[in-house]
Protein chains: 6
Amino acid sequence: MMNRILITGAAGQLGTMLREKLRGHAAVLRLSDIAEIPAARDGEEVVPCDLADGAAVRKLVEGCDGIVHLGGISVERSFDLIEAANLRGVYNLYDAARANGMPRIIFASSNHTIGFHDQTTRLDHTAPYRPDGLYGVSKIFGEAVASLYHDKFGQESALVRIGSCTPRPENWRMLATWFSQDDFVSLIDAVFAAPRLGCTMVWGASKNDHGWWDNTHAAFLGWHPKDNAAAYAEEIARTVPRPGRDEAVARYQGGVFTDEPIHPSKED
Amino acid sequence: MMNRILITGAAGQLGTMLREKLRGHAAVLRLSDIAEIPAARDGEEVVPCDLADGAAVRKLVEGCDGIVHLGGISVERSFDLIEAANLRGVYNLYDAARANGMPRIIFASSNHTIGFHDQTTRLDHTAPYRPDGLYGVSKIFGEAVASLYHDKFGQESALVRIGSCTPRPENWRMLATWFSQDDFVSLIDAVFAAPRLGCTMVWGASKNDHGWWDNTHAAFLGWHPKDNAAAYAEEIARTVPRPGRDEAVARYQGGVFTDEPIHPSKED
Amino acid sequence: MMNRILITGAAGQLGTMLREKLRGHAAVLRLSDIAEIPAARDGEEVVPCDLADGAAVRKLVEGCDGIVHLGGISVERSFDLIEAANLRGVYNLYDAARANGMPRIIFASSNHTIGFHDQTTRLDHTAPYRPDGLYGVSKIFGEAVASLYHDKFGQESALVRIGSCTPRPENWRMLATWFSQDDFVSLIDAVFAAPRLGCTMVWGASKNDHGWWDNTHAAFLGWHPKDNAAAYAEEIARTVPRPGRDEAVARYQGGVFTDEPIHPSKED
Amino acid sequence: MMNRILITGAAGQLGTMLREKLRGHAAVLRLSDIAEIPAARDGEEVVPCDLADGAAVRKLVEGCDGIVHLGGISVERSFDLIEAANLRGVYNLYDAARANGMPRIIFASSNHTIGFHDQTTRLDHTAPYRPDGLYGVSKIFGEAVASLYHDKFGQESALVRIGSCTPRPENWRMLATWFSQDDFVSLIDAVFAAPRLGCTMVWGASKNDHGWWDNTHAAFLGWHPKDNAAAYAEEIARTVPRPGRDEAVARYQGGVFTDEPIHPSKED
Amino acid sequence: MMNRILITGAAGQLGTMLREKLRGHAAVLRLSDIAEIPAARDGEEVVPCDLADGAAVRKLVEGCDGIVHLGGISVERSFDLIEAANLRGVYNLYDAARANGMPRIIFASSNHTIGFHDQTTRLDHTAPYRPDGLYGVSKIFGEAVASLYHDKFGQESALVRIGSCTPRPENWRMLATWFSQDDFVSLIDAVFAAPRLGCTMVWGASKNDHGWWDNTHAAFLGWHPKDNAAAYAEEIARTVPRPGRDEAVARYQGGVFTDEPIHPSKED
Amino acid sequence: MMNRILITGAAGQLGTMLREKLRGHAAVLRLSDIAEIPAARDGEEVVPCDLADGAAVRKLVEGCDGIVHLGGISVERSFDLIEAANLRGVYNLYDAARANGMPRIIFASSNHTIGFHDQTTRLDHTAPYRPDGLYGVSKIFGEAVASLYHDKFGQESALVRIGSCTPRPENWRMLATWFSQDDFVSLIDAVFAAPRLGCTMVWGASKNDHGWWDNTHAAFLGWHPKDNAAAYAEEIARTVPRPGRDEAVARYQGGVFTDEPIHPSKED
């Protein structure tokens, strides 16, 4: 068993969920966020931290033997907001890991790195980037930092391009993108257990019948998702209007993100 | 639910089968053929039509919101016969659809578009055409028409390269090519249900252990065939002599079609 | 040297040009068209023929040891016109060749088989078809017939996807598509000289700096085009207005063909 | 049912296992080895043979309608030892088969033909060779001989790149490489039953969740392994120390073979 | 001819060179840098600007119909320095272009986006990123921004991954990476002249005999570099010691950048 | 300049030619063969050696900083002959190099490693092996040994798949396969000069218009052949009868080798 897993972004939706589901997967869960986090319980420690503060991040990483990096902005926002959390923050995290024994990092990347691909196109790990917003661009930055620290220092990472990690699929697009919470947890376990990880991109999606993404390149991890959004297909068909074929939500893998404007920075 | 599905070639073997199995999948099934069709029942309408008659086909398509295009010759015949039904006919159908709101078309293409590939070769959607007769050539023509109407007008199609759609697999080759009737029906449902279809080729085969064809590019449709010809493998091995490895039926994916002569036209 | 080369479509623009340029490349040039052809000279014979007439085509092919098949419609027209010349005609030609010793066929295919590819995309021989009109569809039909007769009978063909075979490039698009007359002639010589031809697609274009098409798969023919549309680039830039980036002529490889409507048939 | 299957290397670990498991899969099992073999029972015949002796091998093959060729060295040894058994021996076997009606050959090749590929890389049948020792090189030689006899004479073979064929997976690497005995047997059955085999490489591994090798190209054989090393993953995690990520056993697909020195020949 | 080309980073080495060489390629060259620039001459205007200042960049771009974006850090530096110039700066530039009629942008990307590829590996436009420093990461960020603005707004860009743009090749590695100044200029002309540009990556290298990078995907631009570092090979071999095969400069495409440490930020 | 280059097989046709042409490319040429070699001249030393004698080969390699390994059988022969020279011999050579500072090895491989590919198929470095005889199989063995010694010890090699190295092309097939003597020499120079070589396959052919083989993956060596068999095409067409398209010499890349029987061993 692992000794201490750091979860950044622990106050967010995914962080809150993983805080519960990862209990017992390590002796200690170190929970960190810039926002307030409910107080530590047994087997937990809470370490507030601004990811944009490099010195603080170095301390944060100390003593951890695994990191689940959820911290940062997870929707389309202005460059200013994205810069602090998703650019400087991810650099700070990787550089802190380098200085602290290089614990494995599970980096929460996103399908919005490839959001402008058509939903009729299947993608594998060689698909070119096609970001659908500054948020997606920032996740490409993070993947590039991970690649750099792997080639230069040997830092291992799983780059998990999360689809839609919600309790259940909620619309037609999620029939393809749904990533069940349990499947996320089992992926984290697989990544920390593997003898060798390298710097490996993993599509963060359950084994959905309608899926767009091919994880066969990463089969060596032995991760086999169990859930399938198709179990909810009938219910969705009954309750959610089918989108028109040329609506962003039916056309592009990134869905409505492709329709978002660029958010103005303060100075604009 | 759909309002009206048109089935062309409704008097044929596949048409007769689908007439039964698609009952209730649309408010009305419009059944059409150049041959006689048993009289319409509840939820059916019979519209005789010669596919070579463009004006008639326009009328035929009117008011439909989905088309299963089985009409035409389905075996190797003379150019004359193939021309009327499979060339002019498919052009008439697509042009009629264009003029009538572009209902989705499920086009019954064929494995005979690629029949000269060796049975030891696995094919995906990028495999080059290798037709094994004029019939196969005519289906390539149909696929090209579908591509044209998609790129030029936005017409959506599923190009289903049907293997062997019989009640059960009957010989060694069908261990690979069998397309169960139920799997055909579930494919039709998936194609009509999908928010976005594009112009997508689908190998028309069940999930046969011995299969040659890879449908992963079309996974976004959420179609998962359920039947497997391997369930009949023992029985076939017991009752059907194993063909020699260099017989057409064991060598080429198109089987005996590759051995057919070119059928003379009237004028020849 | 060859004994007798048949040129179909000999009254057309390309046919007239090749009639001159191929003089002396065979003992006899047999010139055929459905339209009137200027009278035969030394080393020529004129054989009028309607390609839609199978029996006549059989006679036409007799005694030839090479065929340059230009005959048929070469622009976007109605299905009726295309059917007679480009579908039935090409079938008649191949079936006549089969019955007459299978002389090599140089089949004038077209870039309009792939016309909906974007001009920023480079294509090689594995590019999927994307026809831009019924004309392009008919050329796909012809290529499929050639493939069939090769696999089934051993008939050899060069499938030449002609770009723009004009005396000189005339507009911006032709900087990519230009196929000089001399390069066409040297290709014909190379195809007839090669010990082994198979059924080989060749992009019919000169070695244009701005080219989109990759012929390396066909290097075994030893054909090396000599002309380069770039020699005319300055003149074109000076005299022809640069098209907007989203005009069909700048966007799609098939140029304005992608903007053509479907031409109505007589009956429509 | 087959009449007579020859098993070479029948005294070895795999040979002993298959002797038991293939009982009844042919009227007669002919068992051969250079080492002593327990006496023949019903439905068996024992034929001692040195594979390096060409004349003897010809006799050995006579009358067999299927061959499971396990004979030879199966670990890293000196060139001298490998030459006699794995180079000369495999040549002798193929040449003997050619002279005896060309019974199908199941050739026990090895993952050590590709042992220097990283464990984070998934391989299919197009992966380049990267042998990890003279043993691996000798298996490449055998695969090349099989290819030669197929192209030149039509000899059919299955080239089975065996992973780790042990009663159960014993360490972390075997989570990927394990090839259960039952799956090996069902593969042999599938190979002998297929109407057409060609010269087909098959990765010899069970359907392990952690697998590195992709057999989809060989799906036409209808072989579907049933076992999964993941069933033993927990036990291995509990009882076998996890290797460091840069140890040969965790880094390279060939595992410790990549760390072996070259064994000196007698003369060295 | 173009009306006004903006050159950012005009005080730098490349900027100074292009200022001279692009004279006369547009009615006006607008020269900008955060550093001091020699005073404007005829046909020039000097507009000092900090790329990190979004409002200033908007003004800077106004009225330009082409941009050569050289501005920013071009060597390995701390995150702080790179952030301001290469992350925020490139965002500011693209967003300013969006708001100002979307003039074409030639973005000076870098071979350091792929610097960890081995020198024995040939790359085309599908090669995965392998950045060799934060500088390379920042250029990936820039390419991603360009892709986003193309997909979302239609902004066209050439992403020029510059090798070594020096007056002449100076060492062994530059035999592969040299990008002559004249070839850079002719590329700029080609990019601004093309009817359609899209968002196209171009390897910024001359036609060096020893080159690693394949530009055939971008042939549609009609750009044909003229210079060849091989002309200097003998001189380099005579005057520059050949590096050992495992030195960074001989091993990785990014050369010594792969050996650079991560530069500490102010706060570190 | 190099100090001492070893040429094995120095009494053969290629060896004799290279002895002349490499004079002055190293301080000393060490010439070795099992057959008699004309006496050493200035800057030469003659060292007779049987490649099958491992101890002798170790001595032979001592003190060399480059090896051109031509030794062995170069036509189709019995397994016995091939084994001694081409299997044991190449193993001895590589193991001797390992023990002597690992001088670069230029290994004379052959097009007969891929001889069963059709002449209408273009091959690059990823083409699968298809040997056309035991000779071709032995060259695959040699390439595998080279790969092993590279991965295990770092030994660098150029694997030169020689086409037809004759003073001039002599027949139709050599229009594709000709490898001029000067081009061979310039390749040797390029290989020894390159800072980094790795284990790189190079097609040994001139830049023939009719060529089948693509060397772009090896462009990093900076080798550009200068000769072109097409210069002799007219003469060959005039003096050598064109082969029929189904003769081995026109059909397969290996030419008549594909028609050779397997030569019997002594014991057969």
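A salt bridge is here a side-chain nitrogen of Lys or Arg within 4 Å of a carboxyl oxygen of Asp or Glu. The model is predicted, so that local features need pLDDT of at least 70 and side-chain atom pairs count only at pLDDT 80 or more, whereas totals for chains, interfaces and linings use all residues. Residues are numbered from 1 along each chain as its sequence is written, chains are lettered from A in the order in which they are written, and side-chain values use heavy atoms, with hydrogens and water left out.

**View 1. A salt bridge between chain E and chain A.** R130(E) and D151(A) join their side chains in a salt bridge, with 2.6 Å from N to O. Between chain E and chain A the count of salt bridges is 5. The rule also finds 10 residue pairs in polar contact across this interface, both residues at pLDDT 80 or more. A polar contact is a pair of N or O atoms within 3.5 Å; within protein, one must be able to donate a hydrogen and the other to accept it, and residues adjacent in sequence count only if both atoms are side-chain atoms.

**View 2. The side of chain E that touches chain A.** Chain E and chain A each bring 38 residues to the contact (heavy atoms within 4.5 Å). About 3200 Å² is buried between the two chains, 61% of it on carbon and sulfur atoms; buried area is the accessible area (1.4 Å probe) lost on putting two parts together, summed over both. F79(E), Y91(E) and K152(E) lose the most area in chain E, together 19% of what that side buries.

**View 3. The open sheet of chain B.** The sheet has 7 strands in the order β3-β2-β1-β4-β5-β6-β7, with parallel pairing. Strands (E, at least two residues) and helices (H or I, at least four) are DSSP runs, numbered from the N terminus, and two strands pair if DSSP finds at least two bridges between them. At the edges, β3 (44–46) and β7 (199–204) of chain B each pair on one side only.

**View 4. Strands β1 and β4 of chain B with a packed helix.** β1 (residues 2–8) and β4 (residues 66–69) of chain B pair in the parallel sense over 4 bridges. Within this pairing, I5(B) stands opposite G66(B) in β4(B). Helix α1 (residues 13–21) of chain B packs on the sheet, and its direction makes about 160° with that of β1(B). Axes are lines fitted to C-alpha atoms, for helices over the stretch in contact, and angles run from 0 to 180 degrees between N-to-C directions.
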